[in-house]
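These are my notebook entries from a first look through a structure that was new to me.

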Amino acid sequence: MKRRNMMIMIVLLFLALFILEGCHKKTDAFSVFEEENHENMKNQSEPKVILLTHSELENSLTHEIALRFKNTLEKEHGDEFKVEIYPNNTLGSLSDGVEYFSNGAVEMRLGSGPSKIIGILKWLPSLFEIDTGELNESLKTGHQLRNLVDEECENYNCKIIGMTPLIYRMVTSNEKINSIEDFSKINIRVMSNGINKKYWEALGAQTESFNIEQVYVALQQNIVDAQENTVPSIASNRLFEVQKYLTITKHMLNNDVLYINQDFYNSLSFKQQISIEKAAEEAIDYGTSKVTTYLLDGYKKLESAGVEVNSLPEEEMIKMKDTVKPIVAEYLKNTYSEELFEKVLFTIENK
């Protein structure tokens with residue numbers, strides 16, 4: 001009997017140990033699940049922050065496009081992304097954006113960026129007559145010229161996820177410009193790069209270099225008496241308050257390009273990439289639809305402020321082009337390489 005009782009006790013002891021071991025394993029498995037679930041919840045509660053920079057003021061179309069992107073993305077995916085917009089070069093002047101994408105300082109940029117090809121395209125009106133409609137069509141996804149731009153951007157650790165149409169830059173001044181000789185009467189603000197200075201000095205103008213956010217004060221204090229920009233930018237920066245004339249020169253093009261850091265983009269899941277691209281597409285489509293409105297509103301603001309709008313006569317525009325063409329062509333070849341310059345022209349001609 002005692003032996004039987006001993007056997008029963010041994011069996012019960014083994015059963016107890018088995019049950020305890022099972023509970024221990026179950027507890028470990030549950031703990032792992034809890035840790036993973038906590039980590040997932042932590043990740044979900046901390047959305048990825050996207051720093052989006054641009055050079056324009058908060059009342060500009062550029063800023064409106066940036067806000068549209070932010071609001072669209074956060075409305076649908078606010079648990080995954082938070083967009084922080086830095087307008088008016090508040091994170092510093094990002095005129096070319098190359099180093100800011102290569103070192104990961106910002107995730108996105110709207111406006112000027114590292115693409116050399118787009119830099120070439122902007123100067124084409126100073127070389128020959130162009131059809132802006134056809135050029136903008138060639139920059140849409142899937143077209144040969146756009147493919148060339150996309151391939152180029154890979155070298156600068158960035159990706160283009162949208163762009164607004166190219167529109168012309170114009171000249172405003174306090175001296176009326178009716179002929180190429182009249183440029184010698186003005187002191188014009190130029191962007192910092194050398195070609196702008198050489199361009200306007202070739203036409204006889206004096207030049208001073210300022211960032212866009214400094215232009216209003218420079219005009220107000222008569223440090224310069226002229227500048228050149230797109231009509232929407234002229235309006236948003238209220239330059240019409242300190243200028244008397246707008247001359248339609250069509251000497252250069254400009255647009256907003258939405259770039260994203262390639263490393264950041266690659267770090268996202270496929271679903272997240274699609275979410276950002278859809279928000280970008282919606283924002284760019286919205287901005288494109290507003291370009292005409294901003295142009296018309298800009299002209300109205302200028303005229304309401306008493307700015308006289310006049311067109312440079314056709315023969316004078318031809319003289320202007322003939323004067324600056326050698327300078328622009330040399331600059332584009334030396335800066336972006338003759339091979340790339342010729343490749344861009346060939347692609348446009350054989351679209």
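**Entry: the cavity**

I sorted the lining of the largest cavity by class and got five nonpolar, three polar and two charged residues. For this I counted Ala, Val, Leu, Ile, Met, Phe, Trp, Tyr, Cys and Pro as nonpolar, Asp, Glu, Lys and Arg as charged, and the others, Gly among them, as polar. The model is predicted, so to speak of local features I needed pLDDT of at least 70, and side-chain atom pairs count only at pLDDT 80 or more, while totals for chains, interfaces and linings use all residues. Residues are numbered from 1 along each chain as its sequence is written, and side-chain values use heavy atoms, with hydrogens and water left out.

I worked on a 1 Å grid over the protein atoms alone, where a cavity is a set of points at which a 1.4 Å probe fits but cannot get out. A pocket is an open set with protein on both sides within 12 Å along at least five of seven lines, and lining residues have an atom within 4 Å of a point. Grid points are joined across faces, edges and corners, and a volume is the space filled by probe spheres set on the points.

How many cavities of 30 Å³ or more are there? I found one. The largest cavity holds about 60 Å³ of space. Its lining is made by P125, S126, Y199, T249, K250, H251, M317, M320, K321 and V324. Two elements give two or more residues to this lining, β9 (245–254) and α12 (314–336). The largest share, four residues, comes from α12. Helices here are DSSP runs (H or I, at least four residues), as are strands (E, at least two), all numbered from the N terminus.

I then looked again at K250, one of the lining residues. K250 sits in strand β9, and its phi is near 50 degrees, a positive value in a residue other than glycine. Its relative accessible area is 38%, so K250 is partly exposed. My cut-offs were under 20% relative accessible area for buried, over 50% for exposed and partly exposed in between (1.4 Å probe, protein chains only).

**Entry: the second largest pocket**

Next I looked up the second largest pocket, which has a volume of about 540 Å³. It is lined by 19 residues, and K140, T141, R146, G162 and M163 are the closest to its centre. Elements giving two or more residues to the lining are α6 (144–153), β4 (158–163) and α11 (270–304). Which element gives the most? It is α11, with six residues. By class, I noted seven nonpolar, five polar and seven charged residues in this lining.

**Entry: α6 and its neighbours**

I followed α6 onward to helix α13 (residues 338–349), and the two axes come within 9 Å and cross at roughly 155 degrees. Axes are lines fitted to C-alpha atoms, for helices over the stretch in contact, and angles run from 0 to 180 degrees between N-to-C directions. Angles under 35 degrees count as roughly parallel, over 145 as roughly antiparallel, 65 to 115 as roughly perpendicular and the rest as oblique. So α6 and α13 are roughly antiparallel to each other. In this contact (heavy atoms within 4.5 Å), Q144, L145 and L148 of α6 meet K343, V344, T347 and I348 of α13. These residues divide into four nonpolar, two polar and one charged.

Helix α4 (residues 116–123) also meets α6: their axes come within 8 Å and cross at roughly 135 degrees. That makes α4 oblique to α6. The contact joins K116, I117, I118 and L121 of α4 with L145, L148, V149 and E152 of α6. It has six nonpolar, no polar and two charged residues.

In the loop between α6 and β4 I found N157. Phi of N157 is near 55 degrees, a positive value in a residue other than glycine. N157 is buried, with a relative accessible area of 16%.

**Entry: helix α2**

Leaving aside residues up to four places away in sequence, K70 touches V83 and I85. L67 also lies in helix α2, and at 33% relative accessibility L67 counts as partly exposed. L67 and I85 are 18 residues apart in sequence, and 7.7 Å apart in space, C-alpha to C-alpha.

**Entry: the whole protein**

Last, I noted the totals: 13 helices and eleven strands. Of the 351 residues, 47% count as buried.
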